[in-house]
Amino acid sequence: MATNIPISVQGYKRLEAELDRLKKERPQIIQAIKEAREEGDLRENAGYDAARERQGMAEARIKYIESRMALYQVIDLDKLSGDKVIFGATVEVEDVDTEERKVYTIVGPDEADPSRGSISFQSPVAQALLGKEEGDELTIDIPRGKVTYEIVSITFRGSASVQ
């Protein structure tokens, strides 16, 4: 396992807030389990099962976040710049065949959200982009086959890119 996992300041703060919220929910979950237990037969008690499942999921997520916190290398995206694709860069690419353009912001695995254009630096697309410059072409294996992109622009939007 990696000893340092890059994450933006904003991504780290979001995880801290989630951890705090989950820890504050613990007493409510325990109370829900207690109330469901008092309803009697636990074998047919959907409320009890749901509360236990919620507790298990919350505890697993708390454990996951806590285990990652020490591994994070927090990076202030507002201080990044350059002409090569690095962590925190926002890259516009154009499919050489279809001329379709896409924009990707390269972030850590725990803050990536492909539906919002942020991808993990570990993803195949990001791996192919890292270290490249404007005008470079790269071919990437994606689920539908190979695609060749040309890098149109590399910008550093800082914290605005991960809101």
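Student: In this predicted model, what covers the buried residues of helix 2?

Tutor: Helices (H or I, at least four residues) and strands (E, at least two) are DSSP runs numbered from the N terminus, while buried means under 20% relative accessible area, exposed over 50% and partly exposed in between, with a 1.4 Å probe and protein chains only. The cover over the buried residues of helix 2 includes strand 1 (5–8), helix 1 (9–37) and strand 2 (72–75).

Student: Which residues of helix 2 are buried?

Tutor: They are Tyr48, Ala51, Ala58, Ile62, Ile65, Arg68 and Met69. As a general idea, an α-helix has 3.6 residues a turn, so residues three or four places apart point the same way. Tyr64, which also belongs to helix 2, is partly exposed, with a relative accessible area of 32%, and its C-alpha atom is separated by 9.7 Å from that of Leu19, a residue 45 places away along the chain.

Student: How should I read the numbering and the values, and what are they based on?

Tutor: Residues are numbered from 1 along each chain as its sequence is written, and side-chain values use heavy atoms, with hydrogens and water left out. Because the model is predicted, local features need pLDDT of at least 70 and side-chain atom pairs count only at pLDDT 80 or more, whereas totals for chains, interfaces and linings use all residues.

Student: What does helix 2 reach from its first C-alpha to its last?

Tutor: The expected span of a helix is 1.5 Å times one less than its number of residues. Helix 2 (residues 46–69) has 24 residues and reaches 35 Å, which is close to the 34 Å expected.

Student: At roughly what angle do the axes of helix 1 and helix 2 cross?

Tutor: Axes are lines fitted to C-alpha atoms, for helices over the stretch in contact, and angles run from 0 to 180 degrees between N-to-C directions; contact means heavy atoms within 4.5 Å. Here the two axes come within 9 Å and cross at roughly 155 degrees. Angles under 35 degrees count as roughly parallel, over 145 as roughly antiparallel, 65 to 115 as roughly perpendicular and the rest as oblique, and helix 1 and helix 2 are therefore roughly antiparallel to each other. By class, their contact has 15 nonpolar, 3 polar and 11 charged residues, where Ala, Val, Leu, Ile, Met, Phe, Trp, Tyr, Cys and Pro count as nonpolar, Asp, Glu, Lys and Arg as charged, and the others, Gly among them, as polar.

Student: Is Asp95 buried or exposed?

Tutor: Asp95, which lies in strand 3, is buried because its relative accessible area is 4%. Leaving aside neighbours within four places in sequence, Asp95 is in contact with Glu100, Arg144, Val147, Thr148 and Tyr149. Lys24, in helix 1, counts as exposed at 56% relative accessibility; Asp95 and Lys24 are 71 residues apart in sequence and 47 Å apart in space, C-alpha to C-alpha.

Student: Where is Glu99 found?

Tutor: Glu99 is in the loop between strand 3 (90–95) and strand 4 (101–107), and with a relative accessible area of 60% this residue is exposed. Its phi is near 65 degrees, a positive value in a residue other than glycine.

Student: What is Ile154 in contact with, leaving aside its neighbours within four places in sequence?

Tutor: Its contacts include Asp83, Val85, Thr90, Lys132 and Glu134. Ile154 is found in strand 7 (residues 145–155) and counts as buried at 9% relative accessibility. The C-alpha atoms of Ile154 and Lys132, 22 residues apart along the chain, are separated by 9.4 Å.
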